[in-house]
Amino acid sequence: MLIEIDFSSGEALYLQLCNQIIMGIAASRFREGDSLPSVRQLAESIGINMHTVNKAYTVLRQEGYVKVDRRKGAVIALDIDKMRTLGDLKKELQVILAKGSCKNISKAEIHELIEEIYQDYE
């Protein structure tokens, strides 16, 4: 499992870990039913605290990306509640687009960014 954590970033380590796993799912590096490493294994391989990995797994479970199986540990299990996810994305995008608008980033530039990003997930 390739997880890249930037220890000099201002972003919390657990959020970086969550985002790396979500991007891995989107890029098909992780698929439905794949087991993630145990909390201990992942913490040791990245060099972070086990509580940080546990927090990331908890957030991923709450957001519908993983489920916790007593035998397999954390397993990729995507939430099929598409309408809820679209609503959540809309709220997040409203803030992101407002920030872009304040910096005079055009709709066309946003569309170019979206196309560029989605190419990684096709």
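This note goes through confidence, the helices and selected residues of a predicted model.

1. **Confidence.** The model is predicted. The protein chain has an average pLDDT of 92. A score of at least 70 is reached by 98% of the residues. Helix 3, residues 50-62, has the highest confidence, at 96. Strand 1, residues 66-69, has the lowest, at a mean of 88.

2. **Helix 1, length.** Helix 1 covers residues 13-26. It has 14 residues, so at 1.5 Å a residue it should span 20 Å. Its end C-alpha atoms are 20 Å apart, which agrees. Just after this helix, S28 has a positive phi of about 65°.

3. **Helix 1, burial.** Which residues of helix 1 are buried? They are Q16, L17, C18, Q20, I21, G24 and I25. An α-helix has 3.6 residues a turn, so positions three or four places apart point the same way. The cover over the buried residues of helix 1 includes helix 2 (39-46), helix 3 and strand 2 (73-76).

4. **T52.** This residue sits in helix 3. Is T52 buried or exposed? T52 has a relative accessible area of 18%. The cut-off for buried is under 20%, so T52 counts as buried. Setting aside neighbours within four places in sequence, T52 is in contact with L13 and Y14.

5. **Helix 4, length.** What does helix 4 reach from its first C-alpha to its last? The distance is 30 Å for 21 residues. That is close to the 30 Å expected at 1.5 Å a residue. Helix 4 runs over residues 82-102. Just after helix 4, N104 takes a positive phi, here about 60°.

6. One of its members, L89, is placed in helix 4. L89 has 41% relative accessibility.

7. **L113.** Helix 5 covers residues 107-119 and contains L113. L113 counts as partly exposed because its relative accessibility is 42%. How far apart are the C-alpha atoms of L113 and R29? They are separated by 22 Å. Along the chain, L113 and R29 are 84 residues apart.

Technical notes:
Residues numbered from 1 in each chain as written. Predicted model: local features only at pLDDT ≥ 70, side-chain atom pairs only at ≥ 80, totals over all residues. Heavy atoms only, no water. Helix = DSSP H or I, 4+ residues; strand = E, 2+ residues; numbered from the N terminus. Buried < 20%, exposed > 50% of the residue type's maximum accessible area, 1.4 Å probe, protein only. pLDDT = per-residue confidence, 0-100. Expected span 1.5 Å × (residues − 1). Contact = heavy atoms within 4.5 Å.
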